[in-house]
Amino acid sequence: MPKWNARKWDTADIPDQSGRTALVTGANSGLGLRTAEVLAGKGARVLLACRSPERGQRALERVLATGGKAELVPLDLADLASVRAAAAQVRERTGDALDVLVNNAGVMAVPLGRTADGFERQFGTNHLGHAALTWLLMPALRTRPGARVVTVSSLLHQIGRVDLADPNYEVRRYTAWGSYGQSKLANLLFARELDRRTRAAGLDVTSVAAHPGMTATELSANMARARRNPLLGLGTRISDFFSQSVEVGALPQLYAATSPDVEPGGYYGPDGFRETRGHPARAGSTTAARDELAASRLWDLTAKLTGVAPDPS
């Protein structure tokens, strides 16, 4: 870890993952695909959870071409019926033995929209879908010594405010970036509350969070397409020019998923300028992200909205 060791951590430091099974959401491209490729290359059996069958199949073929062990799992985080079906499929395929869950998928700064269950699209996809998936997979995680849940947040959790009275923008004015910030703050609060509850329950399951800094992925391009704004698309291309590669951007979540030095409840990101780029190190977070009362209330609200029983309760 670069902030306290001279040598910078990279994929060469990942321990052998043979005999371990990992599920990565949003594994069809970007950070998710890179994470899946690296874990498979280290010997893990990797389940690629993807919304698009076509893109998922292409990602699967790419991972298999490297000699890794991989399978495709259909998952639409914006549809709780799909989340339940995916969790049931994973539990059946793995025999309730899952070592790593990487909650990576997401949408960013898209126009106001609703999920299949009526939730605001970014809050519903980035937070509610992942929280429900995590709880539904806890029976499989509980069985594996040293199991991990890695939830991917963002630097933009810093602009977020979780409105527990109106998380789905049914009353207040919607802003695309405000909603994204809320969802990423919710990711961080959930990861830390999961850590507190697993430790209180005496479970050998480590919950950590990570962020990729400023990384060129398809999120920004998808955002520009969703908002149908040519100038925004140009700005996105300029931003991507100054961003780091996916190979480097995925390092914090790979560190969180595999390093023996990870601290329960930790948060990891790049070590460079303002955490925008670089190799894994401890990341900073806002006071709001460390609010234990807000995290507990969000946990309860998430259970109410999704109808999924929290695990651990």
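Author: Happy to! Let us begin with a pairing: strand β5 (residues 147-152) and β6 run parallel to each other, joined over six bridges. Two strands are said to pair if DSSP finds at least two bridges between them. Helices (H or I, at least four residues) and strands (E, at least two) are themselves DSSP runs, numbered from the N terminus. In this pairing, Arg-148 stands opposite Thr-206 in β6.

Before going on, a word on where this comes from. This is a predicted model, in which local features need pLDDT of at least 70 and side-chain atom pairs count only at pLDDT 80 or more, while totals for chains, interfaces and linings use all residues. Residues are numbered from 1 along each chain as its sequence is written, and side-chain values use heavy atoms, with hydrogens and water left out.

Now look at β6 itself. It is mostly covered, as six of its six residues are buried. Here buried means under 20% relative accessible area, exposed means over 50%, and partly exposed is in between (1.4 Å probe, protein chains only). In a regular strand the side chains alternate between the two faces of the sheet. In β6, Val-205, Ser-207 and Ala-209 point one way, Thr-206, Val-208 and Ala-210 point the other way, and all are buried.

Gly-269 stands opposite Ala-281 in β8.

Met-214 is partly exposed because its relative accessible area is 33%. The C-alpha atoms of Met-214 and Ser-243 are separated by 5.3 Å, although the two residues are 29 apart along the chain.

Helix α9 (residues 251-258) is mostly covered, with eight of its eight residues buried; among them are Leu-251, Tyr-255 and Thr-258. Helix α10 (residues 292-306) holds Leu-305, which is partly exposed, with a relative accessible area of 26%. Leaving aside neighbours within four places in sequence, Leu-305 is in contact (heavy atoms within 4.5 Å) with Phe-119, Phe-123, Leu-128, Pro-167 and Asn-168. Leu-305 and Leu-128 are 177 residues apart along the chain, and their C-alpha atoms are separated by 8.1 Å.

Finally, step back to the whole protein. It has ten helices and eight strands, and buried residues make up 58% of its 313 residues. Among contacts between residues at least 6 apart in sequence, 75% join residues at least 24 apart. Along its principal axes the C-alpha trace spans about 50 × 45 × 40 Å.
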